[in-house]
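The sequence and the structure come first.

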Amino acid sequence: MDPLRTPHQEEEKDEEDEKDDDEESDEEEDEEEEDEEEDEEEEDNSETTVIDGEEESDDKAKETEPQQQKEQAWAPTTYSKFGKEVFCYVGEEISIFEALDSYGAVIWPAALALCHYLETNVEQLNLVDKAVLELGAGPGLVSIVATLLGAWVTATDLPEIIGNLRANLLRNTRGRCRNTPQAAALSWGPDVERIYPRSVYRYDYVLAADVVYHHDYLEELLFTMRYFCRPGTTLIWANKVRFPTDLAFTEDFKNTFNTTLLAEMGEVKIFMATCRETEDHLQHHPAG
């Protein structure tokens, strides 16, 4: 007991202390309840999806505002979420995870241009229930848009790219599309004849976006395009020219196929191509 207080004062002090303790206890309980409510809200609002061992928590990702800069009219509004790009095509939000350690895991300008072209020209290019093959699909944006437009899509790239490609495909098409897209490994060149025999694999459309850049596989790429572009197949290639080798490839492309320039969007050109060879000629003279 405090020697400076009377017993009555001490009783009042004890009552005040108890009251203060009760108030502090109430405040702590309120804070705990608020924390629990916040935790519950975070648990309810956090959409966690596990695809191929990859866990994603959308609401915990930090959003940043779109950069205020002049862009091409066809470029969609995007923002970053911890390495994730979010786009809107065909009335759907599409989230794409990228990686900076590989050319094949990044979305390039021609992919954006091709997606815009596909969604705004559905009467000329009706993809509903069409068999579509994408070469060099990367993180899969073009294949996702084609799937949302009703196509039966096989997205291909190098084996090390397939895991992220497949995760992006499933994340953005599950429950939204009439056909489930597939991801498959494909290395350009003569080996495609063994893995994709002509008697089994035939496509209505072959898509490719920004597959031509400074690499040593342009001959293999052209071989692969010729192999899959059979009579009845339409090849659509979108490209932004960066190096002299791009121009040389474009000339080889025009000399190989019947080509039409479909659109120019900024520095990106979109070509449509069909094969010049007949079915009989292909059977007796395989591509190459």
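Valine 90 sits in the loop between S4 and strand S5 (92-97); helices (H or I, at least four residues) and strands (E, at least two) are DSSP runs, numbered from the N terminus. Its phi is near 55°, a positive value in a residue other than glycine. Most residues other than glycine have a negative phi. Valine 90 counts as partly exposed, at 29% relative accessibility; buried means under 20% relative accessible area, exposed over 50%, and partly exposed in between, with a 1.4 Å probe and protein chains only.

The model is predicted: local features need pLDDT of at least 70, side-chain atom pairs count only at pLDDT 80 or more, and totals for chains, interfaces and linings use all residues. Residues are numbered from 1 along each chain as its sequence is written, and side-chain values use heavy atoms, with hydrogens and water left out.

Aspartate 210 also has a positive phi, near 50°. This residue is in the loop between S9 and helix H6 (218-228). Aspartate 210 is buried, with a relative accessible area of 4%.

**Overall make-up**

The protein has eight helices and twelve strands. Of its 288 residues, 40% count as buried. The accessible surface comes to about 16,500 Å², and 45% of that belongs to carbon and sulfur atoms; the areas come from the Shrake-Rupley method with a 1.4 Å probe, and for residues only the protein chains shown count as cover. Among contacts (heavy atoms within 4.5 Å) between residues at least 6 apart in sequence, 64% join residues at least 24 apart.

**Helix H2 and the cores**

Helix H2 covers residues 109-120, twelve in number, and reaches 17 Å from its first C-alpha to its last, close to the 16 Å expected at 1.5 Å a residue. The expected span is 1.5 Å times one less than the number of residues. The buried residues of H2 are Ala110, Ala111, Leu112, Ala113, Leu114, Cys115, Tyr117 and Leu118. They pack against strands S4 (84-89), S9 (205-209), S10 (234-240), S11 (257-265) and S12 (268-275), and against helix H3 (141-148).

In soluble globular proteins, nonpolar side chains tend to be buried together. A nonpolar core is a set of buried Ala, Val, Leu, Ile, Met, Phe, Trp, Tyr and Cys residues joined through side-chain atoms within 4.5 Å. The largest nonpolar core has 40 residues, and those with the most contacts inside it are Leu141 and Ile270. H2 gives the largest share of this core, eight residues. A second, separate core has 26 residues, including Leu133, Val212, Leu218 and Cys275. Leaving aside neighbours within four places in sequence, leucine 141 is in contact with Phe87, Tyr89, Ile94, Ile96, Ile107, Leu112 and Cys115.

**Individual positions**

Asparagine 239, in strand S10, is buried, with a relative accessible area of 3%. Asparagine 239 and valine 212 are 27 residues apart in sequence and 7.0 Å apart in space, C-alpha to C-alpha. Beyond neighbours within four places in sequence, asparagine 239 is in contact with Ala110, Asp210, Val212, Asp246, Glu267, Val268 and Lys269.

Threonine 173 belongs to helix H4 (residues 162-173) and counts as buried, at 5% relative accessibility. Its contacts, again leaving aside neighbours within four places in sequence, are Ile144, Thr147 and Pro181.

Tyrosine 201, in the loop between helix H5 (192-195) and S9, counts as partly exposed at 32% relative accessibility. Not counting residues up to four places away in sequence, tyrosine 201 touches Ile195, Tyr196 and Arg230.

**Salt bridges**

A search of the whole structure finds five salt bridges; the term stands for a side-chain nitrogen of Lys or Arg within 4 Å of a carboxyl oxygen of Asp or Glu. The table lists some of them.

| Glutamate 92 | Arginine 176 | 3.6 Å |

Glutamate 267 lies in the loop between S11 and S12 and lysine 240 in strand S10, so the pair ties together parts that are 27 residues apart in sequence. Glutamate 267 is exposed, with a relative accessible area of 57%. Glutamate 92 is partly exposed, at 27% relative accessible area, and arginine 176 is partly exposed at 35%. Arginine 194 counts as exposed at 61% relative accessibility, whereas aspartate 191 counts as partly exposed at 36%.
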